[in-house]
Every structure is written in structure tokens, then in C-alpha cells.
Amino acid sequence: MSDDQWTSERMPDLSGDTVVVTGANSGLGFAATREFARKGARVVMACRTVDRGEDARAEIEAAVPAASLSVVECDLGDRSSIRAFAEKFRDRHDALDILCNNAGVMAIPYRETADGIERQFGVNHLGHFALTGYLLHSLRQSEGQSRVVTQSSGLHERGELDVERVRRRARRDGDPDDYDRWDAYARSKLANVLFAYELDRRLDATGADVVSAACHPGYAATNLQTRGAEMSGSTVKRWLQTAANRLFAQSADDGALPMLYAATAEDVQGGEYVGPGGFMNMRGAPERQRSSELSYDRALAAELWAASEELTGVTYDLERPASTP
Ligand SMILES: NC(=O)c1ccc[n+]([C@@H]2O[C@H](COP(=O)([O-])OP(=O)(O)OC[C@H]3O[C@@H](n4cnc5c(N)ncnc54)[C@H](OP(=O)(O)O)[C@@H]3O)[C@@H](O)[C@H]2O)c1
């Protein structure tokens with residue numbers, strides 16, 4: 001990257017700020033947590049597995065001895081775990097300044113969440129929808145502007161979303177054989193962007209000083225690509241993915257930059273989409289970009305919102321904290 005390109009060095013001082021990062025133990029979430037900590041933020045690492053979170057925390061503390069980190073379990077595929085996370089957060093912290101909805105799974109074989117929802121949609125979108133709803137009150141307690149940043153993917157561009165079909169599946173009267181793991185991933189990542197924009201519009205309408213933006217990391221070498229191959233039991237796929245990561249991917253540190261930029265750069269507005277500006281938007285320094293046409297469809301976003309409230313049981317009341325089912 002050239003000298004005038006944005007790096008995490010340019011993040012503002014975050015002393016006194018509280019940040020939540022989901023999926024903080026690995027890949028982009030790990031890199032972002034370390035950089036937030038380096039800038040003085042108190043970071044709550046929301047992790048599916050506490051042991052993995054504690055290992056990551058020790059590694060970050062070795063690199064940033066002054067880091068202020070805590071690890072709290074948050075399984076985004078389990079509504080009760082998300083609710084418990086939010087309750088612990090509210091007990092321990094007065095306000096939340098930055099929420100990074102980052103965790104995710106990609107192209108895994110068909111699985112369901114503890115709540116009986118197709119897992120990629122359930123974890124990547126619905127889990128974050130519920131978490132954000134539960135943390136909305138804390139976000140509104142921030143002294144200055146607070147931000148919600150939702151991690152999508154360039155693959156959202158091939159995403160299609162039939163909200164009624166998602167509902168049918170959740171009711172288990174859909175066709176269980178029509179699962180395509182890449183379509184399901186793209187759908188969940190389109191939902192991430194639709195959600196980020198719709199949240200921003202709803203916050204804006206209430207005058208809340210909370211903005212919501214989306215981002216994507218391009219292509220970064222993390223555990224994301226090998227997890228799906230591992231779950232399908234294919235050594236060849238795993239080997240090919242590892243080789244592709246070595247050859248083509250940027251580092252997780254560089255892949256985390258769009259999220260860090262969206263979370264902290266002064267010029268970022270709500271409803272924006274940030275990604276790497278280099279080769280095919282797969283690498284390079286962060287810049288504002290345009291997401292797919294479909295991601296700006298307000299009617300679809302509103303329909304998704306209603307279905308997400310129904311499927312999670314979390315109702316956003318933008319005047320008060322989200323209700324707890
Ligand atoms: N890397 C890329 O090239 C790329 C490209 C486009 C988009 N993204 C997006 O970037 C985000 C981060 O992925 P990554 O590349 O950093 O992959 P990663 O290294 O595999 O990290 C994913 C994180 O999500 C967590 N996670 C998975 N299921 C979860 C659940 N049910 N509840 C809570 N946390 C869960 C994982 O926890 P465990 O370690 O416990 O499994 C891990 O901490 C994802 O949303 C992904 O879609 C990445």
C-alpha cells in the first residue's frame with residue numbers, strides 16, 4: 001500500500017470507548033480486536049467458544065500489553081446465548097460505542113442453528129439482527145456518535161432473497177433438498193447489507209446518534225474458506241482452499257481494514273458500504289463503494305426486517321431498548 005492510503009495507524013484514539021466484535025477469536029475479528037485495543041478501546045470479544053476467545057485474548061495481550069479485553073460467550077446460532085451475552089454486556093457496561101457484526105460461516109453443508117434456522121442465514125444475518133436489537137439501548141447511551149458495522153462479502157452481489165421462502169424453511173415446510181451452500185452464503189451476505197442500510201434509515205428517522213454501515217474485506221486468508229471444506233469432510237477441497245489462500249488472498253490484517261475504517265473514519269456516513277479498492281476489490285486500501293442494486297431495495301429490506309423480527313422474536317423499538325422475548 002502506498003503512503004497516502006488508509007491504514008489502522010490512522011484510526012483515532014479510542015480511549016474510553018467500548019467496542020464489541022463478534023467472531024473476535026479468528027481472522028478479521030481477531031485483527032480488528034487487536035487494532036481497536038492498540039488504540040485504547042475496551043474490547044468485548046463476543047466468541048462462540050470461550051476457550052478459543054481466551055487463547056486469542058492472550059495472543060493479543062502479548063502484542064498489545066495495555067490491551068483492555070474481555071471474552072464473553074456469544075453463539076450467534078443460539079438466541080438464548082445472544083440474549084445472555086447482551087444481558088452480561090448491559091450489566092458491565094454503561095454504553096456501547098462500536099458494534100462490529102463480523103462473525104460468519106461460509107458455504108458450509110446444510111446445518112441448522114439451535115433455533116432451527118438454516119445456519120448461514122441464521123448465524124450471519126439473524127444472529128446479528130438479534131444481537132444488535134438487544135444492544136440498541138447501549139448504543140444509544142454512547143456520549144458521541146456510535147456505530148454499527150456489519151461485515152458482508154463481495155459475494156452478496158450474487159445473492160437473491162425470497163423472504164417468503166426463508167420463512168417457509170424456518171417453518172420446515174420448504175423443500176430440504178433445494179439447498180445450495182453458495183447461494184445460501186450469498187443470500188445471508190445480501191441480508192447483511194439490506195439490514196445495515198435499513199437499520200440506518202430507521203435510526204435516522206428517530207434522530208438517534210447511531211449510524212449503521214456495511215463493509216466487506218475482499219479476499220483475505222482466514223479460517224473461513226477451510227471451515228466449509230472441513231465440515232464436508234473433503235481433504236481435497238481443504239487443500240485447494242489453503243493453496244488458493246496462499247496464492248491469491250491478502251492478509252487478515254489487511255482484510256480487517258474496511259471494517260476498521262467503517263467503524264472509525266470520520267468521513268463515513270450511515271448507509272455506506274466500504275471495501276478494498278485494489279484489484280477487483282479483493283485487496284487494497286479501504287474506500288467507499290456501491291453495493292449491488294438489490295441491496296438498495298427498500299421494500300425488500302422492510303420485508304426482511306419484518307421476517308427477522310418474527311424469526312428471532314426480537315422486536316426493535318427504536319424509542320426504547322429492544323424487547324426481550
Ligand atoms: N476472509 C474473507 O476473504 C472474507 C470474504 C468475505 C467476507 N468475509 C466475512 O468476514 C467475516 C469474518 O470471517 P473471517 O474471514 O475472519 O473467518 P474466520 O477466521 O473463520 O472467522 C469467523 C469467526 O466467526 C465465528 N463464528 C462462526 N460461527 C459462529 C457462531 N455461531 N457464533 C458466533 N461466532 C461464530 C468463528 O468462531 P469459531 O472460531 O469458534 O468458529 C470465528 O471467530 C465473516 O462474516 C465472513 O463472511 C470474509
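**Reading burial, salt bridges and the ligand shell**

Reader: R165 is partly exposed, with a relative accessible area of 23%. Which cut-offs set buried, exposed and partly exposed apart?

Author: Buried means under 20% relative accessible area, exposed means over 50%, and partly exposed falls in between. R165 has 23%, so it counts as partly exposed. Keep in mind that this is a predicted model.

Reader: Is A24 buried or exposed?

Author: A24 counts as buried, because its relative accessibility is 0%. Its place is the loop between β1 (18-22) and α1.

Reader: How far apart are A24 and A191, in sequence and in space?

Author: They are separated by 167 residues in sequence. From C-alpha to C-alpha, the distance is 21 Å.

Reader: Now take E160 and S153. Where does each sit, in terms of β5 and α5?

Author: E160 is in the loop between β5 and α5. S153 is also found in the loop between β5 and α5. Their accessibilities put them in opposite classes. E160 counts as exposed because its relative accessibility is 63%. S153 has 9%, so it counts as buried.

Reader: What does the side chain of S153 reach?

Author: The backbone nitrogen of L155, at 2.9 Å.

Reader: On to salt bridges. Why can side chains pair?

Author: Opposite charges can pair when the charged atoms come close. The cut-off used here is 4 Å, from a side-chain nitrogen of Lys or Arg to a carboxyl oxygen of Asp or Glu.

Reader: How many salt bridges does that rule give?

Author: The count is 16. Let us go through three of them.

Reader: Start with R38. Which side chain does R38 meet?

Author: R38 meets E35 in a salt bridge, at 3.3 Å from N to O. Both residues lie in helix α1. They are 3 residues apart, about one turn of the helix.

Reader: Which accessibility classes do R38 and E35 fall into?

Author: R38 counts as partly exposed, because its relative accessibility is 44%. E35 has a relative accessible area of 8%, so it is buried.

Reader: Which residues are linked with R38 and E35 in a network of salt bridges?

Author: R34 and D253. The network therefore consists of R34, E35, R38 and D253, by the 4 Å rule.

Reader: What about D183 and R158: what is the N to O distance?

Author: It is 2.8 Å, in a salt bridge between the two side chains. This pair links distant parts of the chain, 25 residues apart. D183 belongs to helix α6, while R158 is in the loop between β5 (146-151) and α5 (163-170). D183 is partly exposed, at 34% relative accessible area. R158 is partly exposed too, at 45%.

Reader: Back to R165. Which residue forms a salt bridge with R165?

Author: D178 does, with the closest N and O atoms 3.3 Å apart. Here too the pair links distant parts of the chain: D178 lies in the loop between α5 and α6, R165 in helix α5, and 13 residues separate them. D178 is partly exposed, with 30% relative accessibility.

Reader: Now the ligand. Which of the 32 residues around the ligand come nearest?

Author: S26, R48, Y185, T222 and R227.

Reader: How much of the ligand's own accessible area does the protein cover?

Author: The protein covers 98% of the 890 Å² that the ligand has on its own. Elements giving two or more residues to the shell are α1 (27-38), α4 (119-140), α6 (181-206) and α7 (224-232). The most comes from α7, with 3 residues.

Reader: How many nonpolar, polar and charged residues are in the shell?

Author: There are 11 nonpolar, 15 polar and 6 charged residues.

Reader: Last, the surface. Which residues make the nonpolar patch?

Author: V236, W239 and L240 make a patch of about 370 Å². W239 lies in helix α8 (residues 235-248). W239 counts as exposed, because its relative accessibility is 61%.

How values were computed: Residues are numbered from 1 along each chain as its sequence is written. This is a predicted model: local features need pLDDT of at least 70, side-chain atom pairs count only at pLDDT 80 or more; totals for chains, interfaces and linings use all residues. Side-chain values use heavy atoms; hydrogens and water are left out. Patches are made of residues with over 30% relative accessible area and no salt bridge: like charges are joined within 9 Å, nonpolar side chains (Val, Leu, Ile, Met, Phe, Trp, Tyr) within 5 Å. Accessible areas come from the Shrake-Rupley method with a 1.4 Å probe; for residues, only the protein chains shown count as cover. Helices (H or I, at least four residues) and strands (E, at least two) are DSSP runs, numbered from the N terminus. Buried means under 20% relative accessible area, exposed over 50%, partly exposed in between (1.4 Å probe, protein chains only). A residue is near a molecule or strand if one of its heavy atoms lies within 4 Å of it. Ala, Val, Leu, Ile, Met, Phe, Trp, Tyr, Cys and Pro count as nonpolar, Asp, Glu, Lys and Arg as charged, and the others, Gly among them, as polar. A polar contact is a pair of N or O atoms within 3.5 Å; within protein, one must be able to donate a hydrogen and the other to accept it, and residues adjacent in sequence count only if both atoms are side-chain atoms.
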